[in-house]
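Here is a short walk through a predicted model. Keep the sequence and the structure side by side as you read.

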Amino acid sequence: MTTMKHAVSKPNSIQALLRFREVALLIFIIMLCLVISLESPTFLTFNNFSDILLDISVLAMVALAQAMIITTRGIDLSVASMLGLTAMMTSFTIRAYPHTPVGLIVLLGMALGFILGSLNGLLITKGKVPPIIATLGTLSIYRGLIFLYSNGNWINAFELPAAFKQLAKGTSLVLPNLVWVAIFVAVIVYLFLNYTQAGRDIYALGTNPEAAKISGIRTEWVIMMVYMISGGICGLAGVMWASRFEAAQTNTALGFELQTVAASVIGGVSMLGGIGTVPGVLLGALLLGIIQNGLTLSSISPFWQGAVQGFLILLAVVSDSSLQQRVRQTFTRRIPQ
Amino acid sequence: MSEPILSLTNISKRFAGVHALNGVHLDLCPGEVHALLGENGAGKSTLVKVITGVHQPDSGEITLNGEQIHLSDPRQATRLGISAIYQELSIFPDLDIAENIFVGRRPTLAAGLVDWRRMYREAGKLLDQLGVHLDLKTKARYLSIAQQQMVEIARALSVNSRILIMDEPTSALTLSEVADLFRIVRRLREDGTAILFISHRLEELFEIANRVTVLRDGAYVDTRTMDEVTQEELIRMMVGRKVTELFPKKEVQQGEVILRVRNLTRKGVFENISFELRKGEILGMAGLVGAGRTEVSQAIFGVVPADEGTVEIDGNEMRVTNPQQVMACGVAYVPEDRQHHGLVTAMDITDNITLPILTRFTRRGWLANKEASQAAYNAATQMEVKATTVWQKVRELSGGNQQKVVLAKWLTTTPRILILDEPTRGIDIGTKAAVHSLMSNLVGQGIAILMISSELPEVLGMSDRILVMHEGHMTALFDRSEANQEKIMLAATQAV
């Protein structure tokens, strides 16, 4: 069976390129760090990096949820609204009952997010609404609920107990708690995606939904599941956000959903579904955080921040689609001679 | 002959009132390769889907090992040991080979976590069993069609399938790949697997199959042992029906040559296609699905480039680079896939019909809507499109009426050469007759028609001459008087 061996060796080089994706991103990040450190000496310090990690922790968590959903060929535009709503509701709760154990508040936030995410999932699987439309609708609805729930009021730092504020900002083992929470979420998501049937089914569904159905994968349930997970993670992120910024506002995380999509795409998650890794998404979030931090340190106008981010997204997608084109060439039909 | 492992008795299945299967029988024995034969649309795919639980029959009985069963979904069929390898492979491009084999049934550790090590080990064993050597961590995306098939066969083995259905497994393979596949099929047969093998290539069936069941128009024709049957007999069983007077072909005085194609070649798709088309002539293109007919017509129309060869219209040789250029010479192309290429189904009838001739209704850059809808109305009336208004969305129309809209759209361009790709596929018999009589009228007006059709009666009934293709090559060119179904089938299956 010599013919078979032959055909494999060539595509492997493309595969090597694909694996290169995370490595290339890492090299890019390191080079960027060197450039920024020339500009601003405080950049390459432990404290600054601890700050960057703190800044991107919430983004990384929610981006992981977003990436899972994009891998199933969906998208969740309501993540920022879910985050904002759970932040507001848990903050109101802790203001009313300041002695509630912090762990309970975290669980409450996750439960609330889980319910909100389930609604998204139901709309998409039972209501047959395309994900982008369903979550665009709930984006507005959940944001509206924040206003209704709070009557437009904010929760300020002095209204929150110290224990709650320590949740995100306190440090253990040199890093802020929030960073540990994000690392914990990342590890769980990594194990879930790589070592559970349900996690692998996410990839199978994303790469070929029809075949997934024929193979006996309960595709509706898988889709429902990713939106529920997204809700749960947003709930956790909401509590963390309120704790970190010591406030819950009606405009909490406004527009944040686009950051999560950006981190996913830069990290190599394919909008066509089926492709995406946890390390990739984490690097995507890290890159966004470093750019924000670096540009601020170098006192460059915030306009550039947006422009640079946009440029990176396009770069990621263009390099992606040119790869896809190469792959398609290996699929051209031929006639038997 | 051993006892059948799977028996289907009197299976019928209707779709929208049309019998896709009507009283079909099939017996599968362990250790046999059973061929399923029939023309396009004879009901083979539907039968396969009944066996795999995708479709439930309206009536009839299925027994497995002598016990009557009811197959409600594909998972149940898999559990009972029935696996299918479909024409469109159910491969997961972004998963690696091992996971493709075990998708849906990955081995797990006690804690419920996926046991990758065991998965690779068992996948390796399965491929060894098949005599295939592939890197298990390669993503399926980078495999050839033949290799992907091997992965699917390994998947079937992994669930201990006793019944394996292969739907045209050889259609995309090279000869050496077919030989590899057959080696594996024979090995599976020796191990006692029952294999249902669908292929259009008759010579292959004589090589690999033990018995054959023939279907025609959804009905059961016969089951025979391969040793006792000849190719000619099989072809007669497949096509053996009378060509009815459905085809109102009029004798038309043919004019001069309007289209001449010489040695047209697109590497890897079709080679050395040459023919002439005269005014008032209908040239039928026959062949099996995938023979390259559509690709030839698209090359003539400039949708895809040809690598070699020439196209002459009115004696002027032209380098075809895009459809606009060919349209300007009076060529219209009605594609096969109406939903994707022929119509903008979300737009209304007027928009669709006037799309190619919009410039005609444009005044200083603005569209004269009233004139456009009037023109659309005239064209639609001429074609007898059944719709409430010309502003009705095309997707709300039936398949037959959609086809009429496509025809109306191209007729408004007053073409001199009309390329029709499967003009009557999937439409009801009444509309079919209307389309056929329209074609007759058009050639009466001196228009030349190039018609691709997989329906032999249509080809025979409507064409003045018939070009037959097989796997990218032109294998025959018959005159109307000398053509018959058997000859065309022979040329199309290259059994000559």
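Start with helix α8 of chain A, residues 197-207. This helix is mostly covered, with eight of its 11 residues buried. Which residues of α8(A) are buried? They are A:Arg200, A:Asp201, A:Ile202, A:Tyr203, A:Ala204, A:Leu205, A:Gly206 and A:Thr207. A residue counts as buried here if 20 or more other C-beta atoms lie within 10 Å of its own.

What covers these buried residues? The cover includes α2 (46-71), α7 (177-195), α9 (209-214) and α10 of chain A. It also includes α3 (97-102) of chain B.

Now follow chain A to the loop between α10 (219-245) and α11 (256-266), where A:Glu246 lies. Its phi is near 50 degrees, a positive value in a residue other than glycine. Is A:Glu246 buried or partly exposed? A:Glu246 counts as partly exposed because it has 17 C-beta neighbours inside 10 Å.

B:Asn263 is not a glycine, yet its phi is about 50 degrees. This residue lies in a strand, β11 (residues 257-266) of chain B. B:Asn263 has 12 other C-beta atoms within 10 Å, so it is exposed.

Finally, turn to confidence. Chain B averages a pLDDT of 85, and 94% of the residues score at least 70. Within chain B, confidence is lowest in helix α11 (residues 338-342), at a mean of 66. Strand β20 (residues 448-452) of chain B has the highest, at 94. For the complex, the predictor gives an ipTM of 0.79 and a pTM of 0.73.

Conventions:
Residues are numbered from 1 along each chain as its sequence is written. Chains are lettered from A and ligands numbered from 1 in the order in which they are written. This is a predicted model: local features need pLDDT of at least 70, side-chain atom pairs count only at pLDDT 80 or more; totals for chains, interfaces and linings use all residues. pLDDT is the predictor's confidence in each residue, from 0 to 100. Helices (H or I, at least four residues) and strands (E, at least two) are DSSP runs, numbered from the N terminus. Two residues are in contact if their C-beta atoms, placed from the backbone, lie within 7 Å.
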